[in-house]
Amino acid sequence: APDLTKACADVINAAPLDWHIIHIAAKPKRSAIRLARLAHLRDLVKFSRVPTNAAGYLISYTGAQKLIEPRNRTLPIDVEMRHHALSGLDVYGVLPSLVVQNTLGSSTIGTYRHKTRVTPAQKLREAWHLYSKIGLLKYLAVSAANIDGAMRRLIFHDERIRIL
């Protein structure tokens with residue numbers, strides 16, 4: 001965005017005090033909950049499923065401390081942010097994005113696709129984290145919207161997500 005510095009300041013001011021990471025270049029495939037309306041028709045959101053992407057994000061001091069804690073690391077940073085509840089991170093996003101990733105060139109990462117092994121207990125922990133942040137009614141609404149979105153993608157190839 002042309003006003004990236006001001007927009008980032010607005011995002012931080014609208015964010016909950018305990019935020020750790022805010023995606024500013026996210027392309028979600030699932031629905032999100034609007035937490036605040038920002039300038040230029042943007043929203044601060046809580047993702048129902050954090051997108052895998054590390055092209056642009058804001059990180060708080062507390063979030064940085066959590067990320068550098070000594071521990072066994074088995075996931076790339078973008079995947080670790082997707083499974084944020086496992087690291088105790090609180091992740092938010094801005095939609096539409098403030099930063100657009102250049103996807104025209106070829107990747108320097110390679111074509112290897114790792115398998116993320118997330119146990120049912122870890123998935124339950126992630127669901128509980130979302131539920132505790134947004135409440136039961138919004139959790140049920142976003143879950144229903146995600147099921148509807150999955151069916152629309154499958155049948156109609158509709159890539160739109162809902163912001164509830």
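Here are legends for a few close-up views of this predicted model.

Residues are numbered from 1 along each chain as its sequence is written. Local features need pLDDT of at least 70, side-chain atom pairs count only at pLDDT 80 or more, totals for chains, interfaces and linings use all residues, and side-chain values use heavy atoms, with hydrogens and water left out.

**View 1. The largest nonpolar core.** A nonpolar core is a set of buried Ala, Val, Leu, Ile, Met, Phe, Trp, Tyr and Cys residues joined through side-chain atoms within 4.5 Å. Buried means under 20% relative accessible area, exposed means over 50%, and partly exposed is in between (1.4 Å probe, protein chains only). This core has 14 residues, and V11, I22, I24, L44, L58, V94 and L98 touch the most other members. Two or more residues come from each of α1 (4-14), β2 and β5 (91-95), with α1 giving the most, three residues. Helices (H or I, at least four residues) and strands (E, at least two) are DSSP runs, numbered from the N terminus. In soluble globular proteins, nonpolar side chains tend to be buried together.

View 2. D10 and K6 make one of them, at 3.1 Å from N to O. They sit four residues apart in α1, about one turn of the helix. D10 is partly exposed, at 25% relative accessibility.

View 3. K133 and D18 pair at 3.0 Å, N to O. K133 is in helix α4 (residues 120-134) and D18 in the loop between α1 and β1, so this pair ties together parts 115 residues apart in sequence. K46 and D90 form another salt bridge, at 2.6 Å, N to O, and both residues are buried. Through shared partners, salt bridges join D18, K46, D90 and K133 into one network.

View 4. Patch residues have over 30% relative accessible area and no salt bridge; like charges are joined within 9 Å, nonpolar side chains (Val, Leu, Ile, Met, Phe, Trp, Tyr) within 5 Å. Here I147, M151, L154, I155 and F156 make a nonpolar patch of about 570 Å², with areas from the Shrake-Rupley method and a 1.4 Å probe. Take L154: this residue lies in helix α5 (residues 136-156) and counts as exposed, at 62% relative accessibility.

Technical notes:
A salt bridge is a side-chain nitrogen of Lys or Arg within 4 Å of a carboxyl oxygen of Asp or Glu.
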